[in-house]
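Colleague: Hi! Could you walk me through the charged side chains here?
Modeller: Happy to, let's have it on screen.

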Amino acid sequence: MKESIYTSVCPGCSIGCGLYIREDDRGAVSIDFLKSSPVNRGKLCRFGMRLPHYYSTPATGKVEGLGSGTEDAVRAAASRLRGAEKVAMLSVGNTTCEEHIAFMKLAESLGTVVHTGIPVYAELPPECHPHLEGMPFTDIENAEKIVLFIDPYVQYPLLVRRLLAAKRNGAHITSAGTTELHLAHENRKLSPEQYAELDLDGNSVIITDIHPHTDPCHIRQLLNVVLDTGARLHVVKPFVNSEGVDRLAKGRAGTMGISQIMDGIEKGDIRTLVLLDSDPVELMPDTDRAVEVLKKLDNLIVISSRDSLVNAIADVVIATEHLYRKRGTLINAEGKLQENSGQGVDGIDAMSMLSRQLGADGFDHRQMHGYLHERMIDTLASENRKPEYCRMECGTVPAQQNGACTLEYVYNPFMWFSQPDDNDFVLLDRSMVKSLGLKKGGTVRLDSEKGSMNMRYRVEKVPEGTILTGRKLPIATGTVTKIRTEGC
Amino acid sequence: MVKVGDRLLGYATDPDVRSRGASGGLVTAVLAAALEKGLVEGVVVLKRMDEYEAIPVITDDVQEVLASGGSMHAVPVNLAKHAVGRKIAMPGKPCDVRGVIEQAKRNGVDLESTYIVGLNCGGTMHPVVTREMLVRMYEIDPEDVSGEEIEKGKLIFRTKDGEEKAIPIDDLEEAGYGRRENCRYCTVKIPTSADLACGNWGVIGELAGNATFCEVMNEKGKRLLDNAIEAGFVDVRPADEKAIAIREKVNSAMLSLGSEWKEKVFTEMPDQERLSYYMEQFADCIHCGACKEVCPVCTCGEDSKCTMFHSLADNYRMSMYHMVRLLHLSDSCIGCGQCSDVCPVDIPVTSIFRRFADPAQKKRNYEPGMDLTRPPFLEVMLK
Ligand SMILES: Cc1cc2nc3c(=O)[nH]c(=O)nc-3n(C[C@H](O)[C@H](O)[C@H](O)COP(=O)(O)OP(=O)(O)OC[C@H]3O[C@@H](n4cnc5c(N)ncnc54)[C@H](O)[C@@H]3O)c2cc1C
Ligand code: SF4
Ligand code: SF4
Ligand code: SF4
Ligand code: SF4
């Protein structure tokens, strides 16, 4: 009857909700509510509530298809990395800061850098980067005006209560995203030229997210609004420690977004890919295509706590413990440092062993933790909240073709991690349902250049011709896919 | 040997357990003795993380039970679901106990092998609200707190340097702090459906603060207490008339205060507004399912009525999930507050469910969780 309790953080997104993970004596995992967590008061969204499923598939070590212990996997990884050229390393922030730092050390000894997979950082000048962070959630509650470019209900659910609190405090909320939001006072689909109509000032907050497929142009436009109005930008990110890995990144020269990495592999500019708890098969919108591209690599080395899709095609998998068992620090969208109660150091120890096999120094958790604190002091000291960057122009955004329908991804934690959810339907607007004569409870047929499929649908107030999906669909070719459905 | 119906004053014989205990350590000692002597295989204890945080765990280690004493007023957990499918002893506030009884009516818990040591309860507070209250109302750093207690309607916090500050609970609640809303109108303060009903009301004079008032509610309660006395874990003596009267008096005062709160929270609602009230209240729901997961009276498990009829693809203005749950729980909701506590979008789920269930329960004179012999009015009783 012995139970082990871990205090941890939900791995679903950068809100970083506190929770308990309970392991019974047979290893079965369940969640419990950490009501004293100031981030979320123990409350969890659909994803957090389904964490036992997320944690039900631990990674298993392997070398060339055969099961393997850590030492053999590390040895195999070392022999593939020794002398390897055109190496890229990716860690999007699904693990602790300490493990990420260990990965950065490894990159140093391989003469390369760690990519965090978000193209916005590479494309925007470094002086903008401090503005691409979050703020204390209580600041959102105290804002006078809030403009949303996300759907908080689906994408970052624990922001909803902060927005409702802001509303009770008198804030005016505008949704400028794709779906109409119940909590917003107004829902407006705005072009960037219309942002001035929002009449924002220093007491306003703009909330958007930055993820591996965010268009840098959208962020430039928002930064211009910040520059013009003094409004604050609150940026949320999809991975539990996105904020941590972004703050830890040194220079951005040469860093790549995930799509650029995939392009690099296609072109042969990248021949070896090392992944730390980051799965391009999950992260790319077209699963089949991602697998095809990754198969072109000479070496695919995975260091991971989860048995995710990429593990099946990896040459080497070095298995580490689940996130909740790891010893280490995570930084949430508010910039809050949160410590796991777990004591596991498998990941750091494996990377240290790998480093030594590559002829560089080994390291341990304590050193990585020390480095984190030095770096954090640096970033705090260099924090500069005044907008001092210059106005940035964007190319013109291609206008949507009249009459064309698009299938658009609404990224959410289930989608990023290919986790099952009860969202096997698309969102359509009522006029489309009417014009297609769709039956209540029936399906809609979607055709793209990749194929066709029938999907259940829900009626939602979305722009005409837009079809939204919260799960990846096999007919999608990108985050936005042209659909040739009858009536479009 | 004690008798069913006995009202006693007692305490743990071990001075450490007695001093660590909330009033006399009797509850801890009774639970530990049940485990030590093999009445049960495990005990539900609160594993203390800090002053404002604890998590229920099941242990078969007597020492861990003995170390678990003390009342945590800022830990609004519910322990009922920990009794499901196990042979355990547990402490329990009235809402914990009532949850177990409702589970037992549906064969979720086997009461023959579950022992419940009930605790009187004036209410619990949310830990985050408590921290904020300490800063704003008490001007105390939450990290400096070394203990708290409730005495004569005041909430008292002690700091590590020995200072004490007391503020009337009414004042705290007026300012939006204090007990969770559902605790303010909770209708059961003494858990008479437990095996033993323990508390500090009625403990006066030299025993105040270091003895526990304990009423033996049934044969299992007698077995529990006899076992602890025989094992040498507790000492008891009969409570005198004065002690009994004081306990009764405080209980009725608390219940009438609760009725006042109930009137304040559940204002009349015209019939024509009801439907839009329910729809509007649930409009921000993200269907995380947490309110069902934590509900101590819900015995359905994975295949439940409310989830079976619900689909995220539906276009109902109020989801089938809530429509079914409101109806399904109208005979068993005990107003424990867990659903509101965990709702990620801060929907006041408890008050919505109470508003729906209260008239139905009142009409049938049915108080869930109080009487194992009364079947729920919507279901066939399995027990
Ligand atoms: C939240 C709360 C409010 C209370 N309010 C009153 C009151 O108004 N009037 C009154 O007479 N008595 C009240 N009590 C009961 C009283 O505080 C003592 O628990 C009781 O007198 C028994 O004392 P003891 O020393 O024998 O218990 P102890 O030996 O200290 O054992 C206490 C037991 O309570 C458990 N416990 C602690 N906190 C909680 C919690 N939050 N939820 C569930 N179990 C918990 C512990 O795990 C332990 O098993 C309350 C208790 C609690 C937990
Ligand atoms: S909001 Fe994000 S961190 Fe919180 S429970 Fe949901 S997925 Fe997890
Ligand atoms: S609901 Fe009642 S029994 Fe439960 S904690 Fe609140 S006051 Fe105590
Ligand atoms: S519905 Fe809510 S208040 Fe009622 S018993 Fe369930 S969790 Fe408690
Ligand atoms: S806890 Fe709240 S958000 Fe979750 S299902 Fe219940 S009412 Fe909806």
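Colleague: Which residue forms a salt bridge with B:E173?
Modeller: B:R179 does, and the closest N and O atoms are 2.6 Å apart. A salt bridge here is a side-chain nitrogen of Lys or Arg within 4 Å of a carboxyl oxygen of Asp or Glu. Before we go on: this is a predicted model, where local features need pLDDT of at least 70 and side-chain atom pairs count only at pLDDT 80 or more, while totals for chains, interfaces and linings use all residues. Residues are numbered from 1 along each chain as its sequence is written, chains are lettered from A and ligands numbered from 1 in the order in which they are written, and side-chain values use heavy atoms, with hydrogens and water left out.

Colleague: Thanks! Is B:E173 buried or exposed?
Modeller: B:E173 counts as buried because its relative accessibility is 4%. B:R179 is buried too, at 8%. The cut-offs are under 20% relative accessible area for buried, over 50% for exposed and partly exposed in between, with a 1.4 Å probe and protein chains only.

Colleague: What about A:E292 and A:R289, how do their side chains meet?
Modeller: In a salt bridge, 3.0 Å from N to O. They are 3 residues apart in helix α13 (residues 287–294) of chain A, so about one helical turn separates them. A:E292 is partly exposed at 48%, and A:R289 is partly exposed at 33%.

Colleague: Which residues are linked in a network of salt bridges?
Modeller: A:E133, A:K237, A:E243, A:D246 and A:R247.

Colleague: Switching topic: what does A:D421 do with A:R46?
Modeller: Their side chains are joined by a polar contact of 2.6 Å. That term means a pair of N or O atoms within 3.5 Å; within protein, one must be able to donate a hydrogen and the other to accept it, and residues adjacent in sequence count only if both atoms are side-chain atoms. A:D421 is buried, at 9% relative accessibility.

Note on methods:
Helix = DSSP H or I, 4+ residues; strand = E, 2+ residues; numbered from the N terminus.
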